[in-house]
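This report looks at how the parts of a protein model meet. Keep the structure open while you read.

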Amino acid sequence: MKARQVLVPLAAVAIFLVLWEALVWVMGWPNYRMASPSDLIPAYEKYWNLFLVMGWQTLWRTVAGLILAVIFGTALGMIMGFSRTMRDALYPLLVGFNAIPKATVVPIVALMFVGWHDFNTVLIAFIISFFPIAVSVSIGLSTLEPEYRDILRSLGASQSTIFWKIALPKTLPEFFGALKVAVTLAFIGTNLMEIVSPHGRGLGALFDSGKTNSDYPLMFAVLIALAFLGIVLYYVVVALEKTFAGWADRTV
Amino acid sequence: MDNLIDIRGVRHAYSTASGPLPVLDGLDVQVPEGGFVAVVGPSGCGKSTLTRLVAGLLIPDAGEVSVHGKRITGPRSNVGMAFQNPVLLEWRTILDNVLLPLEIVPTKLTKAQAAERARKLLSLVGLDGFEGKRPSELSGGMKQRASLCRALIHSPEVLILDEPFGALDAFTREDLWQIMHRVKAEEPFTGVLITHDLRESIFLADQVVVLSGRPARTQFVLDIPDTGVRTLDHLYTPEAVAMLNTLRHQIEVAQGRAPAGQPA
Ligand SMILES: Nc1ncnc2c1ncn2[C@@H]1O[C@H](COP(=O)(O)OP(=O)(O)OP(=O)(O)O)[C@@H](O)[C@H]1O
Ligand SMILES: [Mg+2]
């Protein structure tokens, strides 16, 4: 990685923070309207141990939900990608399910599994993020040119050999594109649940307690911490993409 | 003469949303061992369907397709295929692309022997030094040569080429014709070549089969006399021009644009 690739994004973040600080200062906004970056430092100092503990809770539950989404989404995508009938049968169900605003599902799940904090948080992160993965895998498989299949099939290769040697690797670029979307969605799912469920855990609960105590800098500090975690996870996906689907990148 | 590939009285229809679509009806093609037959015919008449039958990817509704006197009931590992689309795997190097069939079919070669054979084939088609490159780094003609090597790596008995040079420019195509002659001399195979190019058919094949419009039957068979080594100049001899005229007339008949019979 070149220095430029690290410095440019860092500089962008620094400029963003300066502009933010300046905006709040120029407009003379009080803290309850919009906290400025300099207000956040005391919040981090005061609660740093909570940020660590709860940030970790949010992170692992999001990742757990994502892993489930990858497994389930890929399996579902395979079923729909290989079988026309299954595609026709499952698409309407899937689209309908995805169209339900997840904010309405969260309280239902929270009540259903009341007290099972980890379980229902992971569940929501999973529910909200498997859709793009399933769709991308299914499209990747169903649009595979027949010649790719025929090259191996004419040699007597089994369906599973064709899947592992050709269909799966060929679908990886689309898969990683969907995974980047899924990461953000999973974060939204985790936090919705953390905010809604009573005595929740994670950064969402920290946000909620900031709200209860009218600690506005804390609320903004949580938002920034979430953004930071989101960026970290995103770059983990980018690194995985480079490793497994770097061949698809044609930009020199 | 003993025919390696024997297609007799084949009839086939695809089932489509608007009912069965008859594609082949009364197809006869025979290819002797070591022979190279070109198949030409109007667009959409069923040429690719014919290759799928020979590869065992499709079983005909009626009639018989046999290789070595054995009726084909499914895919066998002794065919090699190349298409107009080179379908190389972008995540593999050229060498690993060529080696792909050996990961499927049983082989006596060790890994090192297989790699050496792949290098030899690549060198035969003029791709020395490209073993480690990715397909995206190759031109269309080079990709097609690599695809040809992949079709040959497991020494298939039957080579099936479905318009392999169709998407190439005229100069690259003539290059590849000459490479085909070189390959045939070094790596003998029995082949079926689907093409839209009549010059290509008489330059490469020893027999040209003209199919009728859909549903296709064998409409005309032209044997190309063996004149020893063929060069591009042969395409401009009076004999070659006469053969091209005959074939062109047959295509027009197949397309329904000319009455049957000899051209005026
Ligand atoms: N799997 C399929 N299902 C239904 N119809 C098909 C299928 N494959 C081919 N066809 C139809 O069968 C006919 C013959 O197809 P085929 O691909 O064999 O023709 P072709 O002679 O190779 O055409 P071209 O010259 O364009 O390559 C076409 O009309 C095509 O639309
Ligand atoms: Mg075709």
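## Ground rules

A polar contact is a pair of N or O atoms within 3.5 Å; within protein, one must be able to donate a hydrogen and the other to accept it, and residues adjacent in sequence count only if both atoms are side-chain atoms. The count between chain A and chain B is two residue pairs in polar contact, both at pLDDT 80 or more.

This is a predicted model: local features need pLDDT of at least 70, side-chain atom pairs count only at pLDDT 80 or more, and totals for chains, interfaces and linings use all residues. Residues are numbered from 1 along each chain as its sequence is written, chains are lettered from A and ligands numbered from 1 in the order in which they are written, and side-chain values use heavy atoms, with hydrogens and water left out.

## Where chain A meets chain B

Start with contact (heavy atoms within 4.5 Å). Chain A brings 18 residues in contact with 25 residues of chain B. Next comes buried area, the accessible area (1.4 Å probe) that two parts lose on being put together, summed over both. Chain A and chain B bury about 1,900 Å² between them. Carbon and sulfur atoms give 71% of it.

A salt bridge is a side-chain nitrogen of Lys or Arg within 4 Å of a carboxyl oxygen of Asp or Glu. Two salt bridges are counted between the chains. Asp150(A) and Arg52(B) meet in a salt bridge through their side chains, at 2.7 Å from N to O. Two elements of chain A give two or more residues to the side that touches chain B: helix 6 (146-153) and helix 7 (159-196). Helices here are DSSP runs (H or I, at least four residues), and strands are too (E, at least two), numbered from the N terminus. Helix 6 of chain A has the largest share, six residues.

## Inside chain A

Domain bounds come from an automatic or database domain assignment. For chain A this gives domain 1 (1-30) and domain 2 (36-248). Their C-alpha centres lie 28 Å apart. Four residues from domain 1 and six residues from domain 2 take part in the contact. The two domains of chain A bury about 500 Å² between them. Which residues of domain 1 lose the most area to domain 2? They are Trp20(A), Glu21(A) and Val24(A), together 79% of what that side buries. Between these domains, the count of salt bridges is zero.

UniProt, in an unreviewed entry, places a "transmembrane region" at several stretches of chain A, including residues 7-28 and 122-144. Such annotations may be inferred rather than shown by experiment. In the model, residues 7-28 of chain A are 95% helix, with end C-alpha atoms 31 Å apart. Residues 122-144 of chain A are 91% helix, and their end C-alpha atoms are 33 Å apart.

## Inside chain B

Chain B is assigned domain 1 (1-78 + 157-264) and domain 2 (86-155). The C-alpha centres of these domains lie 25 Å apart. Each domain of chain B gives 16 residues to the contact. The area buried between them is about 1,300 Å². Ser77(B), Val183(B) and Glu187(B) supply 35% of the area that domain 1 buries against domain 2.

How many salt bridges are counted between domain 1 and domain 2 of chain B? The count is two. Glu187(B) and Lys120(B) meet in a salt bridge at 3.4 Å, N to O. Strand 7 (158-162) and helix 5 (170-186) of chain B each supply at least two residues of the side of domain 1 that touches domain 2. Helix 5 of chain B gives the most, with seven residues.
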